[in-house]
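Hello,

Here is the structure I promised to pass on to you. My notes on it follow below, so do have a look at the model alongside them.

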Amino acid sequence: MAQKKSIHVKGTAIAVMKKNELDYMSLTDMTAGFKEGSGLIGKWITNKNTLEYLGIWEQLNNPDFNYTEFGVIEQEAGVNRFIMSVGQWAERTRATGLIVKAGRYGGTYAHKDIAFHFAMWLSPEFQIYLINEFQRLKEEEQKLLGWSAKRELAKLNYHIHTDAIKHNLIPKVLSPAQVSLVYASEADVLNMALFGKTARQWREENPDKKGNLRDYASMNELICLANMENLNAVFIQEQIPQEERLLKLNQIAIHQMKVLFDAENRKLLK
């Protein structure tokens with residue numbers, strides 16, 4: 001996991017960290033300003049509506065989710081003797097949306113989607129403040145990333161040529177079937193636009209390789225990817241639907257990979 005950052009919501013510092021390129025927030029920190037404290041997490045996760053939401057999220061985002069065990073939990077939920085903790089949920093269903101970290105800076109962390117759901121359960125007002133502060137954090141990150149990407153791209157644009165890249169290095173135009181798929185992960189929107197496949201599809205095709213799809217990308221693909229991340233952030237702010245963003249990013253990836261030099265441009269980055 002990457003180094004943690006913090007956002008401040010109504011006087012409470014809430015840790016935000018990365019796992020597999022996804023943002024997770026501390027639910028433990030979020031409860032600090034409420035009377036019952038972290039005990040609220042236990043009440044929240046035993047709620048039948050909460051478990052239904054968590055199950056749907058995992059089905060969309062976690063290929064290893066134990067759907068059979070989830071069905072058992074759904075049947076158990078709602079009765080007075082039902083008990084559930086975050087640790088039990090993760091262990092029984094192989095869930096990835098919730099994480100329990102031990103140690104001095106430990107606690108319960110949740111993927112941002114789930115964290116927003118928990119914040120709404122705590123207080124609608126708190127959720128609104130949380131979303132605003134999280135968005136401010138992401139805008140600051142994008143500004144820093146955008147400055148670096150633009151600096152490198154300014155160098156590379158000096159050496160643009162429309163026929164410089166071999167045909168097999170140019171991303172393929174996505175088919176209607178590919179575009180029609182809805183990807184819950186924004187990382188997979190970028191993966192599909194540039195590589196024509198999701199992270200899960202790549203892992204299934206390459207079971208013997210370590211790391212992930214982006215670890216095997218070329219220098220030009222990584223440069224293009226960084227630029228696309230900035231553009232996607234802008235498209236999200238403009239509330240462009242995900243399917244339309246996927247089409248736009250695919251067209252951008254095709255164009256940029258056509259116009260970037262291979263060997264000559266890499267020298268500029270040394």
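Before the notes, one term: two residues are in contact when they have heavy atoms within 4.5 Å of each other. Please also keep in mind that this is a predicted model.

Helix α6 lies across β3 (22-26), β4 and β5, and runs at about 110 degrees to β5.

**Overall picture**

The protein chain has 13 helices and five strands. Of its 270 residues, 40% are buried. Among contacts with a separation of 6 or more, 61% are between residues 24 or more positions apart. The accessible surface comes to about 15,700 Å², and carbon and sulfur atoms account for 52% of that.

**The sheet**

The five strands form an open sheet with antiparallel pairing, in the order β1-β2-β3-β5-β4. At its edges are β1 (5-9) and β4 (98-101), each of which pairs on one side only. On average, neighbouring strands in this sheet are turned by 30 degrees against each other, direction ignored.

Going through the pairings, β2 (residues 12-19) is joined to β3 by four bridges, and the two run antiparallel. Here Val16 stands opposite Met25 in β3. β2 and β3 form a hairpin with two residues between them, and Asn20 in the turn has a positive phi of about 55 degrees. Glu21 lies in the loop between β2 and β3 as well, and the phi of Glu21 is also positive, near 70 degrees, although the residue is not a glycine. As a reminder, most residues other than glycine have a negative phi. Glu21 counts as partly exposed because its relative accessibility is 41%.

On its other pairing, β3 is joined to β5 by three bridges, again antiparallel, and Ser26 has Tyr109 in β5 as its bridge partner. Four of the five residues of β3 are buried, so this strand is largely enclosed by the rest of the structure. β5 (residues 107-111) is in turn joined to β4 by four bridges, and these strands run antiparallel. Val100 has Thr108 in β5 as its bridge partner.

**Helix α5**

Helix α5 (residues 86-93) packs on the sheet, where it touches β4 and β5, and its direction makes about 120 degrees with that of β4. Which residues of α5 are buried? They are Val86, Trp89 and Thr93. Seen down the axis of α5, these buried residues fall within an arc of 65 degrees, so they line one face of the helix. The buried residues of α5 pack against α2 (39-45), α3 (48-61), α4 (67-76), β4 and β5. After α5 comes Arg94, with a positive phi near 60 degrees.

**The cores**

The largest nonpolar core has 35 residues, and those touching the most other members are Leu27, Met30, Ile45, Trp89, Leu98 and Leu130. Helix α6 supplies the largest share of this core, six residues.

Leu130 is in helix α7 (residues 124-156), and with 0% relative accessibility it counts as buried. Leaving aside neighbours within four places in sequence, Leu130 is in contact with Ile7, Val9, Ile14, Met25, Met30, Ala115, Phe116 and Ala119. Leu130 and Ile14 are 116 residues apart in sequence, yet 9.2 Å apart in space, C-alpha to C-alpha. Met30, with residues up to four places away not counted, touches Ile14, Ala115, Phe118, Ala119, Leu122, Phe126 and Leu130.

**One more backbone detail**

Gln239 is in the loop between α11 (219-237) and α12 (242-259). Gln239 has a positive phi of about 60 degrees without being a glycine. At 71% relative accessibility, Gln239 counts as exposed.

Best wishes

Definitions and conventions. Residues are numbered from 1 along each chain as its sequence is written. This is a predicted model: local features need pLDDT of at least 70, side-chain atom pairs count only at pLDDT 80 or more; totals for chains, interfaces and linings use all residues. Side-chain values use heavy atoms; hydrogens and water are left out. Buried means under 20% relative accessible area, exposed over 50%, partly exposed in between (1.4 Å probe, protein chains only). Accessible areas come from the Shrake-Rupley method with a 1.4 Å probe; for residues, only the protein chains shown count as cover. Two strands pair if DSSP finds at least two bridges between them. Axes are lines fitted to C-alpha atoms, for helices over the stretch in contact, and angles run from 0 to 180 degrees between N-to-C directions. The arc is that of the directions from the helix axis to the C-beta atoms. A nonpolar core is a set of buried Ala, Val, Leu, Ile, Met, Phe, Trp, Tyr and Cys residues joined through side-chain atoms within 4.5 Å.
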